[in-house]
Amino acid sequence: MHVNGEWTTFKVKGVAILKNAITHILTHRLAIFGICIAIFYQFLFIICWQTGFGSIPNNTSHLKVAIINEDTEIGPALTNALAKQLPFRTKVEHSLPQAREKLERRTIQMIVRVPENFTQRVGNLQDKAQIDFFVNESNPLLIGNTVTQTAATVTAKIDQQFATHALERIMGKPNIPQGQIQKLVHQASQRVIPDVHKIHQEENMGNLMAPFMLGLAGFIAAMILQLNLFNASRMIGDVANKWQKFAVRNGINVVIAIICSFIASELLVLFQVPMVKGFFAIWGFQFLVMLAFIALTQIFVILFGLYGLFFNITILIIQTMLAGGSIPRVALPDFYYHLGKVMPMKYSVDGSFDLLLGGTTVSKDILALIIITIICIGICVLLTAIVIKDEKKDKPVQYANNEEEITDVLPPFHDGDQGDGSDSFSGSEGHTDDHGTKEE
């Protein structure tokens with residue numbers, strides 16, 4: 001009976017402690033914040049995915065294609081037919097070098113050229129006529145797959161039209177020996193074929209995704225770094241004023257940006273990712289990218305402290321869709337397309353494509369990253385002046401020696417806790433020794 005009574009008392013106390021712990025945890029502001037984040041991001045991620053990526057199959061018609069005609073006979077009519085049959089936004093160009101420059105800059109996604117000898121070759125049953133397609137594979141994977149498949153489909157339709165016309169002419173001729181009909185029909189088919197020219201050809205999917213993954217890793221690193229540096233600067237109390245702390249944090253930021261960008265570049269070398277512009281070019285560019293990410297994420301940490309994580313993760317999720325690393329930005333709805341122009345990851349991905357896989361110049365991306373960094377640092381300075389207050393001189397410094405100091409440095413476990421020492425972990429009151437000094 002005595003054992004059963006003790007067991008019952010133990011269970012009652014255990015349940016009470018458990019209920020107390022649940023109440024304290026669920027009513028603590030950090031737990032509430034975490035629960036709200038978990039629920040909110042379910043909505044945010046799925047809504048962004050469906051409204052952005054969900055429109056991709058239909059919005060591939062936003063891809064831009066340049067058509068060049070060099071044939072003076074059938075060419076004009078064929079150019080009009082291509083403009084109607086291609087499921088993209090088409091524009092007639094007159095210069096292949098100019099069109100290729102636009103393809104290099106990714107302002108267009110494909111070039112279709114009707115060569116000057118097309119009429120001659122398509123009229124010869126002994127020959128095959130080609131339509132040239134130029135594709136830049138220094139692009140999101142979806143672009144290369146889409147335009148290549150379209151090239152084959154459209155060429156097959158054009159070939160069918162010419163084959164039908166040729167067969168009508170064959171059947172219209174009298175006295176054709178039966179043995180030659182089958183041979184002529186075979187020659188009339190598959191006379192127009194696609195000739196796909198791939199610029200910056202790349203088959204490795206890991207290399208194609210490298211620009212996006214560099215941006216993703218850099219932003220996450222910047223986000224976590226700013227949160228912890230800011231909290232660390234708050235923990236040291238009045239050791240330094242707010243401007244000294246700001247200067248130290250950003251000095252550390254520059255050093256970490258150099259280190260992280262170097263590590264990222266070395267890993268690209270280790271995994272044999274191509275670097276058409278060289279190691280130092282990608283290192284320097286990634287350093288600028290890290291500075292832009294750091295400056296942006298620092299704004300919300302200064303403004304909201306720990307809760308700035310909510311805004312930074314939100315920006316991260318939105319940027320993964322708008323950056324153009326996995327899908328072409330031109331295929332996004334207009335709202336997302338224009339929103340991406342103010343996000344640093346867009347310029348990070350564009351510049352990385354040019355530096356790693358090939359392109360024209362990264363000068364515009366570098367300029368955009370510098371402007372974003374300057375603006376964000378300016379906002380951080382302004383917020384530091386307005387929002388941040390210097391620590392009081394009597395506030396304990398970084399290392400707490402007892403529970404009373406801990407409650408001054410860290411938030412209490414529960415809003416109702418007063419930090420009076422009544423819930424001490426030692427479970428005992430302090431006592432006074434022979435020298436009159438109180439010990440814990």
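These are my notebook entries on a predicted model.

**Ground rules.** I number residues from 1 along each chain as its sequence is written. As the model is predicted, I take local features only at pLDDT of at least 70 and side-chain atom pairs only at pLDDT 80 or more, while totals for chains, interfaces and linings use all residues; side-chain values use heavy atoms, with hydrogens and water left out.

**Entry: surface patch.** I looked up a nonpolar surface patch and found about 780 Å², made by L18, I22, I25, L26, I35, I39, F43 and I47. The elements giving two or more residues to this patch are α1 (2–27) and α2 (29–52). I count helices as DSSP runs of H or I with at least four residues, and strands as runs of E with at least two, numbered from the N terminus. Patch residues have over 30% relative accessible area and no salt bridge; like charges are joined within 9 Å, and nonpolar side chains (Val, Leu, Ile, Met, Phe, Trp, Tyr) within 5 Å. A salt bridge here is a side-chain nitrogen of Lys or Arg within 4 Å of a carboxyl oxygen of Asp or Glu. Areas come from the Shrake-Rupley method with a 1.4 Å probe, and for residues only the protein chains shown count as cover.

I then checked L18, which sits in helix α1. L18 is exposed, because its relative accessible area is 52% and exposed means over 50%, buried under 20%, partly exposed in between (1.4 Å probe, protein chains only).

**Entry: cores.** The largest nonpolar core has 59 residues, and F219, L268, I302, L322, M345 and L356 have the most contacts inside it. At least two residues each come from α9 (205–235), α10 (242–270), α11 (279–304), α12 (308–322), α14 (344–356) and α15 (363–386). I note that α11 gives the most, 15 residues. A core is a set of buried Ala, Val, Leu, Ile, Met, Phe, Trp, Tyr and Cys residues joined through side-chain atoms within 4.5 Å.

Not counting residues up to four places away in sequence, I302 touches F230, F246, R249, C380, L383, T384, V387 and I388; contact means heavy atoms within 4.5 Å. I also found a second, separate core of 23 residues, which includes L82, L86, V135 and V192.

**Entry: α10.** This helix has 29 residues and reaches 41 Å from its first C-alpha to its last, close to the expected 42 Å; the expected span is 1.5 Å times one less than the number of residues. Its buried residues, including F246, R249 and L268, pack against α9, α11, α14 and α15. Leaving aside neighbours within four places in sequence, N253 is in contact with L225, Q226, L229, I294 and Q298.

**Entry: α12.** Of the 15 residues of α12, 12 are buried, so the helix is largely enclosed by the rest of the structure. Among them are G308, N312, Q319 and L322. Just after α12, G324 takes a positive phi of about 80 degrees.

Entry: R106 has phi near 65 degrees and is found in the loop between α5 (96–104) and β3 (110–114). R106 counts as buried, because its relative accessibility is 14%. H200 has phi near 55 degrees and lies in the loop between β5 (192–199) and α9. H200 is partly exposed, because its relative accessible area is 25%.
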